[in-house]
Each structure stands twice: as structure tokens, then as C-alpha cells.
Amino acid sequence: MTLGEAKVGSTVVVQRIEGESAYKRRIMDMGITKGTELYIRKVAPLGDPVEITVRGYELSVRKNDASCVIVG
């Protein structure tokens, strides 16, 4: 399951990040790394962006970025 498919109100753990190395680095620079717990706070009406809580702060992630984060 990807981050974009996760249900609102659920807590998920990052399994891996897919994509090119520069793209992966940008996502990891936001604090989304393997083993990190993410709480899905909100999803915008059209599904973009997804608002999550990661490492104690709120972060909005574009749908395109969220589809590269594999969670479980």
C-alpha cells in the first residue's frame, strides 16, 4: 500500500521509498525514512495533498510524492 492509499486517521510505518536517488533524497529530507511512523491527518477533497504528522510536525505531501512511499 502507498501513502496516498492509506486511510485518514490511521498510523502507518514506512517500508521503503521508490524512485530515483535524487527524488528519494528529497522525500527523506522531509523526515520520511524507512521505519518512521506516519499519522494520516487529512486528505484534501480532490485527494491532493495528503496531510500527515511525521516526527512531531505536520507535513503536506503531494499525491505524486505519496505514491512513491510504500507503507504497511
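Start by selecting arginine 55, which sits in the loop between β3 and β4; strands here are DSSP runs of E of at least two residues, helices are runs of H or I of at least four, and both are numbered from the N terminus. The model is predicted, so local features need pLDDT of at least 70 and side-chain atom pairs count only at pLDDT 80 or more, while totals for chains, interfaces and linings use all residues. Residues are numbered from 1 along each chain as its sequence is written, and side-chain values use heavy atoms, with hydrogens and water left out.

Stay on arginine 55 and look at its backbone: phi is near 55 degrees, a positive value in a residue other than glycine. Most residues other than glycine have a negative phi. Arginine 55 is also exposed, at a relative accessible area of 55% (exposed is over 50%, buried under 20%, partly exposed in between, with a 1.4 Å probe and protein chains only).

Next, select residues 50-54 and 57-61, which are β3 and β4. These strands pair in the antiparallel sense over five bridges; pairing requires at least two bridges found by DSSP. Together β3 and β4 make a hairpin with two residues between them. Two cross-strand partners to click through are glutamate 51 with serine 60 and isoleucine 52 with leucine 59.

Now colour β3 by side-chain direction. Val50, Ile52 and Val54 point one way, Glu51 and Thr53 point the other way, and all are buried. In a regular strand the side chains alternate between the two faces of the sheet.

β2 and β3 pair in the antiparallel sense over five bridges, and their hairpin has six residues between the strands. In that turn, pick out glycine 47, with a positive phi of about 85 degrees.
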